[in-house]
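Open the model in your viewer and keep the selection panel at hand. We will go from the whole chain to a sheet, then to the helices.

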Amino acid sequence: MEPRRVLVTGATGYIGGRLVPRLLERGYRVRVLVRSPLKLTDVPWAPEVEVVKGDLHDRASVAEAVRDVDIVYYLVHSMRATGDFDEEEADGARTVAETAAEAGVRRIVYLGALHPDGPLSRHLRSRVAVGRILLDSGVPTVVLQAGVVIGSGSASFEMIRQLTDVLPYMPAPRWVRNRIQPIAVRDVLHYLLAAAELPPEVSRAFDIGGPDILRYGQMMNGYALEAGLRQRPIASLPVFTPWLASQWVNLVTPIPRALAVPIIESLQYDCVMREHDIDAVIAPPEGGLTGYRASVRLALARLRAGTVETSWQDASVSGAPSDPLPSDPDWSGHTVYTDVRERTSTAPAAEVWRVIEGIGGDRGWYSFPLAWALRGWLDKLAGGVGLRRGRRDADRLQTGDALDWWRVEHIERGSALRLRAEMRVPGLAWLELGVTPSGAGPDGAGSRYRQRAVFFPHGLAGRLYWLAILPFHGVIFAGMAERIVVEAEGAARTPPPEGITPAER
């Protein structure tokens with residue numbers, strides 16, 4: 001028999017990015033629906049899937065994506081804190097439900113959220129509404145309702161990790177006493193994969209969760225024990241409203257406000273399994289479900305080894321620009337500000353590139369760290385991503401990666417890197433870093449480093465913003481160019497460790 005075809009929506013997200021390679025391993029033919037195929041440029045599994053460019057609100061592209069498909073995975077969630085996100089989510093679900101039914105799709109699998117009976121937050125209500133729309137489609141549908149997902153790179157795990165790492169004492173909202181049933185990401189994937197094999201008569205929602213039911217404070221201190229930290233005293237304060245708590249999380253962790261709001265809203269309730277009917281249709285994974293402490297241990301091991309498969313950072317930032325930098329000829333007739341710096345280096349181009357690709361995160365930006373930190377805090381206060389988002393891999397970047405307040409928009413490995421700003425600015429901003437061989441160094445191994453900042457201002461505010469920061473550019477951008485070259489030349493003069501070639505350094 002010909003392998004069944006699967007459509008995955010949300011393939012560039014945290015869960016979708018892990019599900020696709022596992023579907024491929026099981027022999028499925030995989031198609032993905034993405035708004036920007038460029039985000040898949042450097043993804044290892046991209047050559048093995050069929051890519052359809054489109055949007056859940058574009059009926060024509062969704063109809064093309066579901067054509068000849070057996071199974072649809074609906075893994076799209078809005079992480080906006082404002083606006084009509086719930087109406088947009090319902091509209092996208094209806095489009096998928098209707099086109100899937102028309103195309104003869106045999107099953108829909110949706111990852112929803114654990115929730116109690118009674119009044120819910122707006123985000124949880126939206127999750128429930130999407131599940132109902134899909135269940136009412138006429139296509140056999142499984143809605144898997146999960147709570148806090150624990151795994152390297154998950155937003156919930158990162159929030160726990162950052163709060164516990166940063167704060168020796170935890171003033172916390174009352175929801176730290178609420179009961180939560182976390183689930184390891186590996187177990188979520190187990191259920192998602194198995195749901196594709198269920199017979200058509202199974203069409204309903206199922207609660208899924210791990211073996212432990214904990215209070216949020218217990219989860220934080222469970223993390224502390226696994227991370228080798230002292231347990232944190234936690235004080236529950238009634239004045240901590242969800243809004244205040246989201247501002248607090250935004251300021252002390254890399255999680256931006258837009259993502260903190262839905263996470264915290266879901267923590268206002270006891271989120272535990274109300275039924276265990278899933279056991280009758282999908283057996284637990286071999287060896288049993290993963291306990292909370294074990295899932296934290298696995299996530300920390302991934303972080304320390306630098307092998308985080310996907311991250312919450314992969315998700316698009318609400319309100320951030322997504323259009324690529326126009327080519328220079330397209331600038332004609334527009335106000336565009338640029339800052340260009342060039343340096344000749346005695347270091348080989350490969351050594352300069354190593355510094356370029358390793359920029360940001362723990363290594364910083366090679367100039368005036370206080371100014372970068374201050375700008376990051378200002379962005380956090382404005383509800384942006386700030387500077388502490390870091391990077392997924394310490395040494396290697398790929399298209400679509402988050403890099404502090406930037407997003408990798410384009411990379412030509414060994415020669416050019418273009419970053420698009422996701423910080424809050426009155427305009428659109430990019431930073432380009434590149435290197436070419438020049439033969440200027442000893443033995444003809446020198447290089448030419450080029451750096452360009454580009455800013456498209458929005459109105460008067462954008463122009464005033466550029467003029468206000470212009471005096472700092474001479475320090476920040478000039479210092480960056482100088483230090484990157486110096487770093488590369490210093491590395492070039494240092495012999496690599498025994499057994500490591502200069503190219504592998």
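This is a predicted model, in which local features need pLDDT of at least 70, side-chain atom pairs count only at pLDDT 80 or more, and totals for chains, interfaces and linings use all residues. Residues are numbered from 1 along each chain as its sequence is written, and side-chain values use heavy atoms, with hydrogens and water left out.

**Whole protein.** Show everything as cartoon. The protein has 13 helices and 19 strands; these are DSSP runs numbered from the N terminus (helices H or I, at least four residues; strands E, at least two). Its radius of gyration is 24 Å, close to the 23 Å from the globule rule for 505 residues, so the protein is as compact as a globular protein of that length. That radius is taken over C-alpha atoms, and the rule is 2.2 Å times the number of residues to the power 0.38. The C-alpha trace spans about 70 × 55 × 55 Å along its principal axes.

**The sheet.** Select β3, β2, β1, β4, β5, β6 and β11. In that order, these seven strands form an open sheet with parallel pairing; two strands pair if DSSP finds at least two bridges between them. At the edges sit β3 (50–53) and β11 (204–207), each pairing on one side only. Now select β2 (residues 29–34). Four bridges join β2 to β3. Val34 has Lys53 in β3 as its bridge partner.

**Helices on the sheet.** Helix α1 lies across β1 (5–9), β2 and β4 (71–74), at about 160° to β2. Angles run from 0 to 180 degrees between N-to-C directions, and axes are lines fitted to C-alpha atoms, for helices over the stretch in contact.

**α3 and α4.** Select residues 85–103 and 122–135. Helices α3 and α4 pack at about 15°, axes 9 Å apart. That makes α3 roughly parallel to α4, a term for angles under 35 degrees. Show side chains: in α3, Phe85 and Ala97 are among the residues that meet α4, whose contact residues include Arg122 and Leu134. Contact means heavy atoms within 4.5 Å.

**α11 and α13.** Finish with residues 349–357 and 459–493. The axes of α11 and α13 come within 9 Å and cross at roughly 125°. Which residues of α11 meet α13? They are Glu351, Val352, Arg354, Val355 and Ile356. Across from them in α13 are Ile484, Glu487, Ala488, Ala491 and Ala492.

Definitions and conventions: Angles under 35 degrees count as roughly parallel, over 145 as roughly antiparallel, 65 to 115 as roughly perpendicular and the rest as oblique.
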